[in-house]
Amino acid sequence: MDDIKALWRQGDASGPAKTPSELEAMVRMKSRATFLRTSRKLIIESLAFGVVLFACLTGLASPLSQSEATGLLIAVVTFGIVNNLVLLRVARPAPPERSIRDALTQAAASFRTQKWVGALFTVLYFATLFFVLLAHVQFTSLKILETGLIVAGSIGVRLWFETQLWNRQIREVDSLLGSLGAS
Amino acid sequence: MKPDFLTLISQNQGVIYKISRIYRDSQEDREDLFQDIVYQLWRSYPAFKGESKPSTWIYKVALSTAVMAFRSPKEQFRRRQLPWETIDRSAPSPTSAANERTTWLYEVIATFDPVEKAIVTLYLEEYSYKEIAEIVGITDNHVGVKISRIKDKLKERAAQEGDDNG
């Protein structure tokens with residue numbers, strides 16, 4: 001193994017040396033990019049999801065007054081923001097100075113929680129909208145059935161995509177924990 | 001930004017390059033991982049009390065970041081589209097026999113799973129079993145077992161390499 005260790009030591013200078021000022025600029029850029037990415041995700045997801053859903057449902061239930069429509073839009077967007085804030089809180093990574101096992105264990109727990117919190121919010125979100133519309137708009141039986149089917153379909157599609165995403169992440173982290181074996 | 005942090009990272013950037021090289025295939029991905037690691041080191045710096053050697057702290061944060069750097073599904077899809085030609089484990093330095101051997105070693109290590117990569121990196125950097133156990137989060141005995149398997153793999157690949165060359 002000594003020759004392998006000697007080879008390994010030769011790989012030391014395997015990249016262009018960066019000056020302290022370049023490293024400082026890199027940290028600042030990364031920090032700004034992380035902040036912007038999180039904010040963008042929070043705002044765009046909340047708004048886009050809320051507005052699209054709002055448009056779909058109000059399209060079906062045309063006789064919404066101006067104040068009802070505004071109230072519904074505010075509720076939908078607020079719901080989306082709360083959902084994303086809860087997910088961001090749950091998704092906070094382990095401090096990087098902890099052991100690899102600790103980081104993986106925390107990631108596995110966090111991914112599972114995010115999966116269930118996401119699913120719960122999705123169901124609550126659509127169900128709330130459905131009942132708000134039901135309470136405020138004169139639906140015929142056929143319209144109720146139609147809206148119910150759209151809501152159920154939307155829940156199903158969104159849950160399926162979200163579950164696939166989280167399951168893939170969970171499998172990856174579980175596989176890494178498996179390769180660490182029992183502690 | 002604290003100048004002692006920047007000096008410390010500047011002096012130890014070879015460690016970060018090594019880890020980026022074994023955990024990522026393309027130059028672009030390595031640069032991304034390098035940046036991620038430096039950023040995580042910056043985040044973790046206030047908690048660094050100097051109880052361990054600075055290089056140990058850097059290895060701990062860097063390996064943890066590399067193992068935990070899960071890619072988004074979009075990025076995984078993009079990477080599947082990359083042609084094999086973009087995979088490059090060589091260091092950007094002049095070609096020589098010694099350099100080819102180093103590249104061979106990195107190629108072999110790159111085939112290990114992320115946890116084995118972390119263990120072999122620490123082992124080759126002469127960390128004790130106890131220190132490796134602490135950084136990875138497994139027992140000393142388990143480190144011994146893992147290193148024994150890794151040595152077997154390296155010997156097997158070295159023997160294959162010998163056969164292929166002649």
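Select chain B and read along its sequence: the pattern is α-α-α-α-α-α-α-α-α. In this predicted model, the secondary structure of chain B comes to 9 helices and 0 strands. Helices (H or I, at least four residues) and strands (E, at least two) are DSSP runs, numbered from the N terminus. Residues are numbered from 1 along each chain as its sequence is written, and chains are lettered from A and ligands numbered from 1 in the order in which they are written. Because the model is predicted, local features need pLDDT of at least 70 and side-chain atom pairs count only at pLDDT 80 or more, while totals for chains, interfaces and linings use all residues.

**Chain B as a whole**

Keep chain B selected. Of its 166 residues, 36% are buried; a residue is buried if 20 or more other C-beta atoms lie within 10 Å of its own, exposed if 12 or fewer, and partly exposed in between, with C-beta atoms placed from the backbone. Two residues are in contact if their C-beta atoms, again placed from the backbone, lie within 7 Å. Among the contacts in chain B with a separation of 6 or more, 59% are between residues 24 or more positions apart.

**Helices α2 and α4 of chain B**

Select α2 (13-23) of chain B. How many of the residues of α2(B) are buried? The count is 10 of its 11 residues, and the helix is mostly covered. Among the buried residues are Gln13(B), Lys18(B) and Arg21(B).

Two packed helices are described by the angle between their axes and the distance between the axes. The axes of α2(B) and α4(B) come within 10 Å and cross at roughly 25 degrees; axes are lines fitted to C-alpha atoms, for helices over the stretch in contact, and angles run from 0 to 180 degrees between N-to-C directions. The two helices α2(B) and α4(B) are therefore roughly parallel to each other, given that angles under 35 degrees count as roughly parallel, over 145 as roughly antiparallel, 65 to 115 as roughly perpendicular and the rest as oblique. Their crossing is right-handed; a crossing is left-handed if the near helix is turned anticlockwise from the far one by less than a right angle, and right-handed if clockwise.

To display the contact, show Val15(B), Ile16(B), Ile19(B) and Tyr23(B) in α2(B), and Ser55(B), Ile58(B), Tyr59(B), Ala62(B), Leu63(B) and Ala66(B) in α4(B). By class, this contact of α2(B) with α4(B) has 9 nonpolar, 1 polar and no charged residues. Ala, Val, Leu, Ile, Met, Phe, Trp, Tyr, Cys and Pro count as nonpolar, Asp, Glu, Lys and Arg as charged, and the others, Gly among them, as polar.

The helices α4(B) and α7(B) pack at an angle of about 160 degrees, with their axes 10 Å apart. That angle makes α4(B) roughly antiparallel to α7(B). Here Tyr59(B), Leu63(B) and Val67(B) of α4(B) meet residues of α7(B) including Pro114(B) and Thr121(B).

The angle between α7(B) and α8(B) is about 145 degrees, and their axes are 10 Å apart. The crossing of α7(B) and α8(B) is right-handed. Ile132(B), Ile135(B) and Val136(B) represent α8(B) in this contact, whose residues divide into 8 nonpolar, no polar and no charged.

**The cores**

A nonpolar core is a set of buried Ala, Val, Leu, Ile, Met, Phe, Trp, Tyr and Cys residues joined through C-beta atoms within 7 Å. Select Val38(B) and Ala62(B): of the 53 residues in the largest core, these two touch the most other members. The largest share of this core, 9 residues, comes from α4(B). Apart from it lies another core, of 5 residues, among them Val76(A) and Tyr125(A).

**Across to chain A**

Which residues does Val38(B) touch, not counting residues up to four places away in sequence? They are Leu23(A), Met26(A), Val27(A), Ile9(B) and Ile16(B). The contact between the chains takes 49 residues from chain B and 40 residues from chain A. On the side of chain B that touches chain A, α4(B) gives the most, with 8 residues.

Finally, select chain A, which has 5 helices and 0 strands. Buried residues make up 21% of its 183 residues. In helix α5 (residues 141-180), find Gln169(A), which counts as buried because it has 20 C-beta neighbours inside 10 Å. Phe111(A) is 58 residues from Gln169(A) in sequence and 7.2 Å away in space, C-alpha to C-alpha.
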